[in-house]
Amino acid sequence: MRFYRLRSVRAMFITYWIFILAGFVFFFTVGILDR
Amino acid sequence: MRFLRDNGLSIFFGFILLASLIGQAFAGLHQFNAEALEHHQPTVSFWRYVSSSEFGGDVLENWQSEFLQFTLYILATVWLLQRGSSESKTAEDAGRMSDESQLLGGYARQNSPRRAKLTGGFRRKLYENSLVLAMTFCFFGSWVGQSVTDWRAYNHEQLDHKQPAISWGEYWANSDFWDRSLQNWQSEFLAIGVMATFTIYLRQRGSPESKPVGAPHDATGESN
């Protein structure tokens, strides 16, 4: 049970990181390509 | 159910983040197309607007200021105090604090993070500062991203008005870039100052951002 709960909070941590990094990649690409 | 209860805070803010972002995209699209019609230019689709520098700049200039706020807040509260504030440490705790109070090296607990158990060295140093390093990375990532997207948007306006386009480097010295950066920064700095001072005298029962309701006004660093 403890292991499951640790996994679930880690999932939130990783989700936020992925969202931010995906945002950077997306908007950098937009900025570079949008002439 | 347990997942929702364990992660309610991050799920709630993640949800209203996405809702706001979608709302911003629709409102921004409406505004963008209204201006396009005024200038007798073609309107754009939702997806074209979402993948435009105009939308990217609007998103990133707010992101960068939030990350700057947290970076400075986390760093400043290591050394600077506000007597009576729930957001401040007491005078004797000012600074980076002892290994003992930070549960480092020989003082680490059995379930402490692996890198906190190290007796020193670069990897422990990195972990000691990992929160502020992550925030700093996110700040510069979004600030540089803002500079690229807002630079493109600025040049679109220049071309619309038959003015010459400028380089990315020139945009860093342009007042448009600093106007957009500073207007976001000032609001973040106000919010921090207000939080530091309001929590001296005001309370929110049950919130960890507040002192307990009955805590005296001169109690510093107490929180629920």
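Accessible areas here come from the Shrake-Rupley method with a 1.4 Å probe. The structure is a predicted model. By that method, chain B exposes about 13900 Å², and carbon and sulfur atoms supply 62% of this area. Chain A exposes about 2700 Å², with 76% supplied by carbon and sulfur atoms.

## The two chains

Chain A has 35 residues, of which 26% count as buried. Its secondary structure is one helix and zero strands.

Chain B has 224 residues, and 34% of them count as buried. It contains eight helices and zero strands. The radius of gyration of chain B is 23 Å, well over the 17 Å that the globule rule gives for 224 residues, so chain B is more spread out than a compact globule. The C-alpha trace of chain B spans about 70 × 40 × 40 Å along its principal axes. Among the contacts in chain B with a separation of 6 or more, 49% are between residues 24 or more positions apart.

## The nonpolar core

In soluble globular proteins, nonpolar side chains tend to be buried together. The largest nonpolar core in this model holds 24 residues. Which of its members touch the most other members? They are Phe55(B), Val59(B), Trp63(B), Phe67(B) and Phe139(B). Both chains contribute to this core: helix α1 (2-33) of chain A gives two or more residues, and so do α2 (8-38), α3 (46-50), α4 (53-79), α6 (130-160) and α8 (175-201) of chain B.

Leaving aside its neighbours within four places in sequence, Phe139(B) is in contact with Gln64(B), Phe67(B), Leu68(B), Thr71(B) and Trp185(B). One of these partners, Phe67(B), is also among the core members that touch the most others.

Phe177(B) is found in helix α8 of chain B. Is Phe177(B) buried or exposed? Its relative accessible area is 0%, so Phe177(B) is buried. Not counting residues up to four places away in sequence, Phe177(B) touches Trp143(B), Gln146(B), Ser147(B), Tyr171(B) and Trp172(B). The C-alpha atoms of Phe177(B) and Glu61(B) are separated by 9.5 Å, although the two residues are 116 residues apart along the chain.

## Salt bridges

Side chains of opposite charge can pair when their charged atoms come close. A search of the whole structure finds six salt bridges over all chains. The table lists some of them.

| Residue with N | Residue with O | N to O distance |
|---|---|---|
| Arg180(B) | Glu61(B) | 3.4 Å |
| Arg180(B) | Asp176(B) | 3.1 Å |
| Arg96(B) | Glu128(B) | 2.9 Å |

Arg180(B) meets Glu61(B) in a salt bridge and Asp176(B) in another. Glu61(B) lies in helix α4 of chain B and Arg180(B) in helix α8 of chain B, so their pair ties together parts that are 119 residues apart in sequence. Asp176(B), by contrast, sits four residues from Arg180(B) in helix α8 of chain B, so the two are separated by about one helical turn. Arg180(B) has a relative accessible area of 24% and is partly exposed.

The salt bridge between Arg96(B) and Glu128(B) also links distant parts of the chain, 32 residues apart. Arg96(B) is in the loop between α4 and α5 (122-128) of chain B, whereas Glu128(B) is in helix α5. Arg96(B) counts as partly exposed at 43% relative accessibility, and Glu128(B) is partly exposed at 29%. Salt bridges that share partners join Arg96(B), Asp99(B), Arg124(B) and Glu128(B) into one network.

Leu9(B), Phe12(B), Phe13(B), Phe15(B) and Ile16(B) make a nonpolar surface patch of about 570 Å². Ile16(B), one of these residues, lies in helix α2 of chain B. Its relative accessibility is 34%, so Ile16(B) counts as partly exposed.

Definitions and conventions:
Residues are numbered from 1 along each chain as its sequence is written. Chains are lettered from A and ligands numbered from 1 in the order in which they are written. This is a predicted model: local features need pLDDT of at least 70, side-chain atom pairs count only at pLDDT 80 or more; totals for chains, interfaces and linings use all residues. Side-chain values use heavy atoms; hydrogens and water are left out. A nonpolar core is a set of buried Ala, Val, Leu, Ile, Met, Phe, Trp, Tyr and Cys residues joined through side-chain atoms within 4.5 Å. Buried means under 20% relative accessible area, exposed over 50%, partly exposed in between (1.4 Å probe, protein chains only). Contact means heavy atoms within 4.5 Å. Patches are made of residues with over 30% relative accessible area and no salt bridge: like charges are joined within 9 Å, nonpolar side chains (Val, Leu, Ile, Met, Phe, Trp, Tyr) within 5 Å. A salt bridge is a side-chain nitrogen of Lys or Arg within 4 Å of a carboxyl oxygen of Asp or Glu. The radius of gyration is taken over C-alpha atoms; the globule rule is 2.2 Å times the number of residues to the power 0.38.
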